[in-house]
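Work through each task with the structure in view before reading its solution.

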Amino acid sequence: MPARYQLRFQLHPTPDAAERAAELASFCRESGVEEVVLLLAAEELYPGHPAGAVEDRLYDTAATAAAVLRAAGLDVSLNPWVTLGHADRGRADRLGFAPMVGPDGTVATAQASPACPRFRSWITAHYARFAELDFRVLWLEDDFRYHNHAPLPWGGGFEPLMMERLAELVGEPVDRERVVAAVTAPGPPHPWRALLQQVWRTVQLEVATEVAAAVAKASDGRTRLGLMSSEPGVHSVEGRDWPALFDALAIDGQAWHRPHFARYSDAPGRELSFSVWMLEVQRALRPRYVRSAPEVENWPHTAWSKSDTQTWSELVAAQLAGSDALFLNLHPMQSGAAGRFPQVAELLRRSRPALDLLAGPVAHTHGVTLPVRQDAAAHVRTRRGGDLAELAVDPGPAADHLLRYGVPVTAEDGPVRVLFGQLAWAYGDAELRRMLADGLLLDGTAAHILRARGFGELLGVTVEEVVERGAAGGPGPYALERVLTGEGAGAYLSVNVQPALARLRPAAGAETWTEILTPDHRFWGAGRCVFTNELGGRVAVTAATAVELLPHDDDGQRLLHAAVRYLEGDAPTLPLVTGGPHLIPRLTRTEHGWRLAVANGSADPAYPRVHLPSGAVHAEGVLLRPLAEPEQVATTVTAATTSAVGTAATAGFVEVAEPLPHRGWLLLDWR
């Protein structure tokens, strides 16, 4: 099955729309695009929510373009630019919508409250009108959410209409200032937080249900709805219920999802870890019937914003995730003339061989299990208060830490899990006890939380306190982490920029692998400890509380790999990758066995070494160089090595003789 390109392109509502549509159709033939997603009145061409004569011109343009494109054999969908509104940017409401209001009282000039009846009438009529043109999918933009609505400091949702709904649930009048203070207050979550999230969730579901009903009726069920989403942590702050939202949007049991997963402009290669875990986490959140078309966007335009090499590497990441299509936004939004950008067609032509090779569904992934909870924000305990952004937590820091060190991750259940930070509040006691009976990797914050929740005896350490940078008392400021055992004994790592560290005191039976020192080498506390508890579970704890700020290095990788092997116990299954910085793995179960894909997130060529846990295997290798034809590569298998702490870690490892270039991908398949 070949890869499927869905190209989003904006046509101007001008008399030459048919000519420009024909030019677009020609571009699609040349570049292998199967579907056009028309974009109208976007960004520079957006005057405000369209109505009257403005909407008429957009409708006529869409009808004209759709006819031309369909005649050329293309599928056609439509992406109206706004739902609530992206940002004011000098625009002003002209239709009498109740405006969004931010947590500080800032009132939007062009962005609507989803609780506004006038807005609801507009959006259902707007989508129903365009559904009459039989578009395959009508997309809801990523402004269909509460956060990220400039100039509001966090987003909206604090309008009088929302506060009135909340007051009904609370049973007394409420005002914005009291609500913000309550939902962000330090300590155990205030009951109003869950109630505000209930209000937001209910309003969002109401709008989705109304739009879906209008589109289904206007199209006689032929048009589907699709939803773009952004980062899961901020959607959790909204109280989003992913299955319920897609159920509300589904027409005849079908819906589409356009997950955000890649940066919009140039980024370091190590950011591919973000793409891998974002695709994996959102795959777990959406219902199985929902089809996925991840968005690759170069904003504001072409290779001047993002290199073709980076774009290609992200397309490969999306295809490896089993995506149903690839949603491409590669032209300048304001251009209107596809033929002026032959380099985009060349990018798509050169990308297709690798993408066709990888096309197909993914049944299961394997790796260290990430904590994926759509309701995580309901459980967060803030430290400062007053800032809704403090409620946004997701597995990103843990996933990036593992992936960039060559450890695969999964959102599916497995015998080894990672639990960092505030996510330790999101699970019930029974769930935590089950995690502690298997393999569990904890940071200092999560260990401190688990001790407070009564699980201290199962951790192997006492977390005496979490010490913030600059706190008075003790032997002095923490600065260094010294390795005590194994191959790296005597090596130093830095903890100098950690905002806080957990002071760990090992219990009887725990192994201490590292210690924390002050600048003058005085002992501060244990750094990393492992322990087998009375449940038979294995636990590894690090004192760090912000792993994303730990400097990456070879010693850190050896320690993490040894911890993963320890947590796997007597039946290890995970391939671990070394051979260069930021070699980012994705492990999947295939029809015939296993597939490990490894991306090079460094600008230097690398020679990946895949450490296999249980016996040498023959692996078929394919090298995917950026924008090149896939090529078979020979693999070699070598016998066992040992881990950084001197325990048996690897039955053998697989290598290839060819270097893996920057943002290239290596595929290894074995039974």
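**Exercise 1.** Determine in which hand helix 11 passes helix 12, and describe the packing of the two helices.

*Solution.* In this predicted model, the crossing of helix 11 past helix 12 is right-handed. The next step is the geometry: helix 11, residues 308-320, packs against helix 12, residues 342-358, at an angle of about 25°, and their axes are 10 Å apart. Because angles under 35 degrees count as roughly parallel, helix 11 is roughly parallel to helix 12. Turning to the contact itself, helix 11 contributes Asp-308, Thr-311, Trp-312, Leu-315, Val-316, Gln-319 and Leu-320, while helix 12 contributes Leu-347, Ser-351, Ala-354, Leu-355 and Leu-358.

**Exercise 2.** Classify the packing of helix 4 with helix 6 from the angle between them, and state which residues meet.

*Solution.* Helix 4 (residues 160-170) and helix 6 (residues 191-219) pack at about 125°, with their axes 10 Å apart. Helix 4 is therefore oblique to helix 6, and the crossing is right-handed. From helix 4, the residues Met-162, Met-163, Arg-165, Leu-166, Leu-169 and Val-170 meet a set in helix 6 that includes Trp-192, Leu-195, Trp-200 and Glu-206. The residues of this contact divide into 11 nonpolar, 2 polar and 2 charged.

**Exercise 3.** Work out the strand order of the open sheet that has 6 strands, and find which helices lie across its strands.

*Solution.* The strands follow the order 12-25-26-32-28-29, and their pairing is antiparallel. At the edges are strand 12 (364-366) and strand 29 (631-633), each of which pairs on one side only. Neighbouring strands are turned against each other by 30° on average, direction ignored. Within the sheet, strand 28 (residues 620-624) is joined to strand 32 (residues 665-670) by 5 bridges, and Glu-620 stands opposite Asp-669 of strand 32. Helix 9 (residues 272-285) lies across strands 12, 25, 26 and 32, running at about 25° to strand 25. Helix 11 lies across strands 25, 26, 28 and 32, and runs at about 25° to strand 32.

Conventions
Residues are numbered from 1 along each chain as its sequence is written. This is a predicted model: local features need pLDDT of at least 70, side-chain atom pairs count only at pLDDT 80 or more; totals for chains, interfaces and linings use all residues. Side-chain values use heavy atoms; hydrogens and water are left out. Axes are lines fitted to C-alpha atoms, for helices over the stretch in contact, and angles run from 0 to 180 degrees between N-to-C directions. Helices (H or I, at least four residues) and strands (E, at least two) are DSSP runs, numbered from the N terminus. Angles under 35 degrees count as roughly parallel, over 145 as roughly antiparallel, 65 to 115 as roughly perpendicular and the rest as oblique. A crossing is left-handed if the near helix is turned anticlockwise from the far one by less than a right angle, and right-handed if clockwise. Contact means heavy atoms within 4.5 Å. Two strands pair if DSSP finds at least two bridges between them. Ala, Val, Leu, Ile, Met, Phe, Trp, Tyr, Cys and Pro count as nonpolar, Asp, Glu, Lys and Arg as charged, and the others, Gly among them, as polar.
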